[in-house]
Amino acid sequence: MRSVDTNVVARFLLGDDMDQSLIAGNVLSQGAFISLTVLLETGWLLRSRYKLDPAQIVELVNVLRAHVTIQIEGEEWLDWVLDNFAQGLDFADLVHLIASKNL
């Protein structure tokens, strides 16, 4: 299983470059691991660069979760992260908490 970076995840989720999005989708369909640092960076990118609101980011993270060939580090805590993020807490802070297992 490959570990992927934020660029691959973003191209897959956003579909903003047809060629790169197809490549990213192909990579992810072959099995991919998304680390907490990549998840954190992806959340930051979607919020800061693409100006997506929390509901949109939650929806996109759930797209990743639904993809059967993708494994996300800390998956068992993602409901907690997404619920708290949707209620206004900071995504990066929440990911840092699950990374430290200091809940």
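This is a predicted model: local features need pLDDT of at least 70, side-chain atom pairs count only at pLDDT 80 or more; totals for chains, interfaces and linings use all residues.
Arginine 2 has alanine 32 of strand E2 as its bridge partner. Residues are numbered from 1 along each chain as its sequence is written, and side-chain values rest on heavy atoms, with hydrogens and water left out.

E1 and E2 (residues 32–34) run parallel and are joined by two bridges; strands count as paired if DSSP finds at least two bridges between them. The sheet is open and has three strands in the order E1-E2-E3, with parallel pairing. At its edges lie E1 (2–3) and E3 (70–72), each of which pairs on one side only. Strands (E, at least two residues) and helices (H or I, at least four) are DSSP runs, numbered from the N terminus.

Now look at isoleucine 34. Leaving out residues up to four places away in sequence, Ile34 touches Val4, Val9, Leu39, Leu64, Ile70, Gln71, Ile72 and Glu73, where contact means heavy atoms within 4.5 Å. Ile34 is also, with Leu39 and Phe91, among the residues with the most contacts inside the largest nonpolar core, a set of 28 residues. Such a core consists of buried Ala, Val, Leu, Ile, Met, Phe, Trp, Tyr and Cys residues joined through side-chain atoms within 4.5 Å. At least two core residues come from each of H1, H2 (18–29), E2, H3, H4, E3, H5 (78–86) and H6 (91–100).

Next come two of those helices. The axes of H1 (residues 6–14) and H4 (residues 54–66) come within 11 Å and cross at roughly 105°; axes are lines fitted to C-alpha atoms, for helices over the stretch in contact, with angles from 0 to 180 degrees between N-to-C directions. H1 and H4 are therefore roughly perpendicular, a label for angles of 65 to 115 degrees. Val9, Phe12 and Leu13 of H1 meet Leu60, Val63 and Leu64 of H4.

Helix H1 also holds arginine 11. With a relative accessibility of 13%, Arg11 counts as buried, the term for under 20% relative accessible area, with exposed meaning over 50% and partly exposed in between (1.4 Å probe, protein chains only). Beyond its neighbours up to four places away in sequence, Arg11 touches Asp16, Gln20, Ser21, Ala24 and Tyr50.

Threonine 42 belongs to H3 (residues 36–48) and is buried, at 3% relative accessible area. Its contacts, apart from neighbours within four places in sequence, are Thr6, Val9 and Leu13. The C-alpha atoms of threonine 42 and aspartate 17 are separated by 16 Å, the two residues being 25 apart along the chain.

Finally, find lysine 51 in the loop between H3 and H4. Lys51 is exposed, with a relative accessible area of 65%. Its phi is near 55°, a positive value in a residue other than glycine.

Technical notes
Angles under 35 degrees count as roughly parallel, over 145 as roughly antiparallel, 65 to 115 as roughly perpendicular and the rest as oblique.
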